[in-house]
Amino acid sequence: MSNNQKKINIFIPIEIKKRELLSKVILSAFLINNKKKNIRCYIGSKSQIKKIVFLKKNYGGIFIYKGGLPNNEIKKLKEKINKFIILDEEIGPTVNYYLRKKIVRRVWPGSEKLIDRYYVIGKQASKYAKEIFLKLESRVKITGWPRVDMWRPKFICIYKDSVKSLRERYGNFILFSSDFTFISDERINLEKKSWKNSKWEVMKKNQKEKYKKAKEILYEFQENMKFIRELDERADIPQIIIRPHPSDDLQEWKRINNSLKKIKVVFEGDLTSWINASKGVLHRGCTSSIEAYMKGIPTGYVVVDKKNIKNTLPYRISQHLQNSKQISKFCLNSINKKPVPPKKYSNTFKNTIHVEKKYACELI
């Protein structure tokens, strides 16, 4: 590479630090180490990265964002940058049962012509993206996710110290990964306001249906808590750690934590560290189950109502647990098991998640 080669500036805003930062650092490392290109990466909050772009004096660069933006925002960015790219990290393996509805919300209506690439996790997401965004068809690319790269053996070393620390503090434990979001009426009411005030018309539509779904999730959460409280009374189960999702009502979890005897609610650190340190993962259909599965850690899908089962990849790769007795048995059986990663993935898995020899970061 010539020393005189002009630098390519890549701007990567992040939304949730605990969930996104490390994978973006890894992506940046891959980009910077590309010997054929002279690349510089900027990573930061949405507001600060946009500020850097708008204040820079020269034209050029690539803006990589997790989803669509309003037309006027993309146009304003493209006054300063060459390319606007979506690396969609919301259309994942847990939403394929309503993927068509979800993916419509990922691109602002009429903005297709402003998007230079649309990177997706796998074949299924690619299929729907091409069907829905016809003007984007040739620019939809299957890359997989940098987050999934980090679930592979090469990157386990990154978490060595944090895993050691968690095991020293909590011993052998089972992780309950919460991703309910709607765990209180206060959280639902807050979301209702955002739907009502959204600039995006598709978010304003079907508010009654969204509210109904939110109440169903709250009910599911309350039923899960019945199991949790039953388990909390047992002396024979191993330590269970509940890690809330960043979108959950954390004040509600704090209140719940104060009412539990043995089970702990802990919201700190990177989720991957918790999964790597655990002996088993309980969930209700989130990506943490796939991360655990790829590492050979036992996963259990907690079923409180068969009509609300999310028949997605997490459900298919997990044990199905329908009462506290079955959950207890899962915990006791998992606690002394050594992780055994799968030697190969099923076609269903590979259709949902692109995991091949090349990492997503390389393809991007």
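This is a predicted model: local features need pLDDT of at least 70, side-chain atom pairs count only at pLDDT 80 or more; totals for chains, interfaces and linings use all residues.
Reader: How do the axes of helix H8 and helix H10 cross, and within what distance do they come?
Author: The axes of H8 (residues 185-197) and H10 (residues 207-232) cross at roughly 160° and come within 11 Å.

Reader: Are they roughly parallel or roughly antiparallel to each other?
Author: H8 and H10 are roughly antiparallel, because angles over 145 degrees count as such.

Reader: And is the crossing left-handed or right-handed?
Author: The crossing of H8 and H10 is right-handed.

Reader: Which residues meet there?
Author: From H8, the residues are Asp185, Ile188, Lys192, Trp195 and Lys196. They meet Gln207, Lys210, Tyr211, Ala214, Lys215 and Leu218 of H10.

Reader: How many of the residues in that contact are nonpolar, polar or charged?
Author: The contact of H8 with H10 has five nonpolar residues, five charged residues and one polar residue.

Reader: Changing topic, how many disulfides are there?
Author: The count is zero disulfides, taking cysteine sulfur atoms within 2.5 Å as the criterion.

Reader: What about Cys361?
Author: Cys361 is also in no disulfide. The nearest cysteine sulfur to that of Cys361 is the one of Cys41, 10 Å away.

Reader: Is Cys157 buried or exposed?
Author: Cys157 counts as exposed, because its relative accessibility is 57% and the cut-off for exposed is over 50%.

Reader: Then is Cys361 buried or exposed?
Author: Cys361 counts as buried, with a relative accessibility of 3%.

Key
Residues are numbered from 1 along each chain as its sequence is written. Side-chain values use heavy atoms; hydrogens and water are left out. Axes are lines fitted to C-alpha atoms, for helices over the stretch in contact, and angles run from 0 to 180 degrees between N-to-C directions. Helices (H or I, at least four residues) and strands (E, at least two) are DSSP runs, numbered from the N terminus. Angles under 35 degrees count as roughly parallel, over 145 as roughly antiparallel, 65 to 115 as roughly perpendicular and the rest as oblique. A crossing is left-handed if the near helix is turned anticlockwise from the far one by less than a right angle, and right-handed if clockwise. Contact means heavy atoms within 4.5 Å. Ala, Val, Leu, Ile, Met, Phe, Trp, Tyr, Cys and Pro count as nonpolar, Asp, Glu, Lys and Arg as charged, and the others, Gly among them, as polar. Buried means under 20% relative accessible area, exposed over 50%, partly exposed in between (1.4 Å probe, protein chains only).
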